[in-house]
Amino acid sequence: MSKGKVLLVGTSYGAMHMLLRLKKMGYSVSVCGGIESDPCHQHADESYYVDYSVKEILLELCKENIFDYIVPTCNDYSYNSASYVSTKMDKYFGFDNYSVTNILHEKELFRQFTLENNLPAPRSISKDNPAVNKFSDLPFPILVKPNDSFSGKGVTQVFSKDKVKTAIDKAESFSTDGKVVLEEFVDGTLHSHSAIIQNGEILIDFFVDEFCTVYPYQVNCSSLSYKLSSEIKIRVSASILKIIKKLSLKDGLLHTQFIAKDNVFWLIETMRRCPGDLYSELISKSTGFDYLDCYLKPFLNKKNPKKFNKNIKYIARHTVSVAKKMILGSVDYAVSTESLNIVPLVECGRTIKPAPFDKLSIIFLEFNSKEELMHGTPKIDKLVSVHEIKI
């Protein structure tokens, strides 16, 4: 007998592990997504071929059908639309009010929130601010970003005033709300912090070192962090707890990217949806912690356990992508099969777009020591060779 009917908002490969887990847990799983060839449509109990990025469409779907639970997948559109539906219908579990979701997921509102609450973050200015043409408070270089895009799409680093207009136009083309943020460029190492929230506190959290070796604003290599000092970790966790308290966040995941340099750090962006590219598997393979289970439970109106066992392994994750458009011929992995796990994403002969638009595979590689992990993670792309078919 089914434990209830779940609507999984998203149908790509990143949602497959959620679909399979939910079915294993005993739920009937419906999925929604506009691409009929997506894998979740092939394995769900029921499919709806709709564009869930349009929140009113998702709202109508949920009004017309009876779902006991909604679970967002691994992109901002999925979480934002689901949060909107939950707020409008005053139903479903694990979601903050939609106004809180906007603060956390929109760059302009999040920067305003960090400023008002004295949280460390890059200085920024909205494109619509009258001071935007003066740049008096933002020395070059600056970053020009779409307000609501993800995966680094539409981001440009600008070194002079005459290039700003072109960068704004590019950012606008990737923004669904047409808003653009101009942001102080901060230099340092990139990291992520994943916190499982329960009863207004951090139940457990993880720090990850992240690298962008193909496209400068999209992470493609990562591993548990052994670079960050204990002091920085404590201060980052304290800042995240402050966000949790200020916004009275519901139980669930709060995932944050930040940049650190020496004893200084800046919060870059936050999200309440599951990070993509099988981030959950990186944590699970590295620690034995069931990240996916703890992500799903609040949406199913369940509490997470208060104690966890950890079993540390030195695992790195790498997302294979290319710097130029090509027809995929083959991929070589110059590592031993005993330590390598490959998740293929595309088939031979397909035209591949350059990062950040297409990904060929995700690999997990185990190292023998902490030192090897730290040294090897940002160099995994050197072990992967992508061969193209030339016509």
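Q: In this predicted model, which residues does H17 touch, leaving aside those up to four places away in sequence?
A: With those sequence neighbours left out, H17 touches C74, L278, S280 and L292, and H17 itself lies in helix α1, which covers residues 13–24.

Q: Is H17 buried or exposed?
A: The reading rests on a cut-off, buried meaning under 20% relative accessible area; H17 counts as buried because its relative accessibility is 16%.

Q: Where do the nonpolar side chains gather, and which residues touch the most other members of the largest nonpolar core?
A: As a general idea, nonpolar side chains in soluble globular proteins tend to be buried together. Here the largest nonpolar core has 56 residues, and L7 and L58 are the ones that touch the most other members. Apart from that core lies another, of 21 residues, with V100, F113, I243 and L267 among them. Beyond four places in sequence, the contacts of L7 include V31, C32, L58, C62 and F67.

Q: How many disulfides does a search of the whole structure find?
A: A disulfide is counted when two cysteine sulfur atoms lie within 2.5 Å, and the search of the whole structure finds zero. C62, for example, is in no disulfide, the nearest cysteine sulfur being that of C32, 7.3 Å away.

Notes: Residues are numbered from 1 along each chain as its sequence is written. This is a predicted model: local features need pLDDT of at least 70, side-chain atom pairs count only at pLDDT 80 or more; totals for chains, interfaces and linings use all residues. Side-chain values use heavy atoms; hydrogens and water are left out. A nonpolar core is a set of buried Ala, Val, Leu, Ile, Met, Phe, Trp, Tyr and Cys residues joined through side-chain atoms within 4.5 Å. Buried means under 20% relative accessible area, exposed over 50%, partly exposed in between (1.4 Å probe, protein chains only). Contact means heavy atoms within 4.5 Å. Helices (H or I, at least four residues) and strands (E, at least two) are DSSP runs, numbered from the N terminus.
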